[in-house]
Amino acid sequence: MIALEFDGVCLRYGSNVTLADGSFRVGQGKFIGLLGPNGAGKTTLFRAVLGLLRPSSGSIRVFGQPTRRGNAHIGYVPQFGKQLNQLSLSGRDLLIGSVTGSRYGWPFSTAAQREDIDRVLEVTGAGDLARRPMGTLSGGERQRILIAQALLGSPKMLLLDEPLVSLDPNRQESVVSLVRDIQQDLDMTVLFCSHELTPLLGKIDGVLFLGQRKVALGPVEEVITPKVLSDLYGAPMDVVRSAGRVFVVAGGPSPAA
Amino acid sequence: MLQYDFMVNAFAATFIVAVVAGSIGYFMVLRGQTFAGHAMSHVGFAGATGAVLIGLSPLTGLTFFTLLAGLGIGLMGERAQSRDIAIGIVLSLSLGLGLLFLHFYTSFAGQATALLFGNVLGVARDTLWIMLVMGALALVILAVIARPLTFASLQPELAEAKGISPKILGTIFMMLVALAVAESVQVVGVLLVFSLMVAPPATAMLLARRISTGIALAVLFALAQAWIGLVLAYYTNWPTTFWITLLGAVAYLAANGVVHLTQNMR
Ligand SMILES: Nc1ncnc2c1ncn2[C@@H]1O[C@H](COP(=O)(O)OP(=O)(O)OP(=O)(O)O)[C@@H](O)[C@H]1O
Ligand SMILES: [Mg+2]
């Protein structure tokens, strides 16, 4: 089954095109790393999947259905939430607020909604953290709460926008493992946006690389190559592997390699 | 003190304003939109003076103009980078216009001070009714949108993905701010709406963890500030607005002190 399908999709803000004629398919239950340089349009791609930005041409299908706003099948962790850094609200209250705040009218949470909150906090191991004010949590701890929040309502697809930013390598590792475990346990499709490939290595089923308005999807070995990347960056690029890590660096392949 | 009608009216007026300004002000501070509120009151000044010039009541002109400004600011959206500058320019233009209108209406000096700094002791009974209706309307709407508004304020991208429109919500909210500003001006004047719409919520936010507690505290502080201010004004014969601003500042400083102390004791 196809979880996400882009067919000849063009994404743009006015005259600024971030994706031209992009086509790819992500199978159900896959854990995909979304990579690309700053401004490549990773966040924009997520917004399009969420139905917040209409493609100027082409079509996007999520589990076989055209995209639409408020799709309950998609859980989302947006890129940095600065507003939360000084928040005195507890993680649990934040989650309650997002459940009751997703529609107008009755302002109180139901028992089923509170059970769902307990469930996602347990799945992410964030039960204790959720009792503390958000502002007192570390970046990695806050990320855990936000991942829990994205699991509310049992979506089948998870979009994570740079959850690793400003985390040290150990924390990065634990966030990726957490997502990987949840993804396997709940059989979810995950698009995990990251600046670096290294923390995702060995965990992902494939990479979706964005650059130069183009997109490439495939296994790490096929996409993270000097040839494909030079094309996507529009400049000579090289891939350096060292001690289990992979670096994408500027400049053509060195003659010695 | 309560044998005087004007004192009774003043206590009633400040009660209405405190509830409205405290709760709507809470969301305004939460959303970081205090400057917009400040600017709106200045636009209201031009409206109020202009209304008097053409024979309408200042409250009518004030409310109409703050609502208009609220609509404008709301539709500009959160992301417009030059928004604060645009607001700032409209703000000064409005004060300038207000000054011009005053110039044409020379016997207006007393009214001008009342508009700028408030004159709660001069609130008439019929004004009180208008304030009550406006305030109740604002609170009912706030109650309906409060949850999505909180969500969209704290996590705008996520709220949008869940199908909430931050822009529509933000615009409705700006209109509520407009009503709250128009009411607050009756008590503390155009220049000092911060003293009721910002100081009490900011103090409450320091002390409360939950949003519901925060709103309750904000209303409570605004009310305490206003009523104690009235009593002090009655006995000292100094302006009520002065006391309200002083109490607001004292409460905020005290809350900061409390927070520091409790953090150090932990
Ligand atoms: N609301 C917007 N209006 C106009 N242009 C936008 C808007 N949002 C993003 N852009 C532009 O679209 C392009 C892609 O932006 P996007 O945020 O999707 O990049 P990104 O890959 O997520 O970058 P980063 O790694 O920095 O998060 C950029 O050139 C950006 O300037
Ligand atoms: Mg981004």
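This passage looks at how chain A meets chain B and at the magnesium site in chain A. The model is a predicted one, with local features needing pLDDT of at least 70 and side-chain atom pairs pLDDT 80 or more, while totals for chains, interfaces and linings use all residues. Residues are numbered from 1 along each chain as written, chains are lettered from A and ligands numbered from 1 in written order, and side-chain values use heavy atoms, leaving out hydrogens and water.

At the interface, 30 residues of chain A are in contact with 24 of chain B (heavy atoms within 4.5 Å). Together the two chains bury about 2,400 Å², with 53% of that on carbon and sulfur atoms; buried area here is the accessible area (1.4 Å probe) lost on putting two parts together, summed over both. R69(A), Q83(A) and Y104(A) supply 22% of what chain A buries against chain B, more than any other three residues.

Two salt bridges link the chains (a side-chain nitrogen of Lys or Arg within 4 Å of a carboxyl oxygen of Asp or Glu). One of the pairs in a salt bridge is D93(A) with R210(B), whose closest N and O atoms sit 2.9 Å apart.

Donors are N, O and S atoms within 2.8 Å of the metal (3.2 Å for Na, K and Ca), and with water not among the atoms, sites may look incomplete. T43(A) is partly exposed at 27% relative accessible area, and Q79(A) is partly exposed too, at 21% (buried is under 20%, exposed over 50%, partly exposed in between; 1.4 Å probe, protein chains only).
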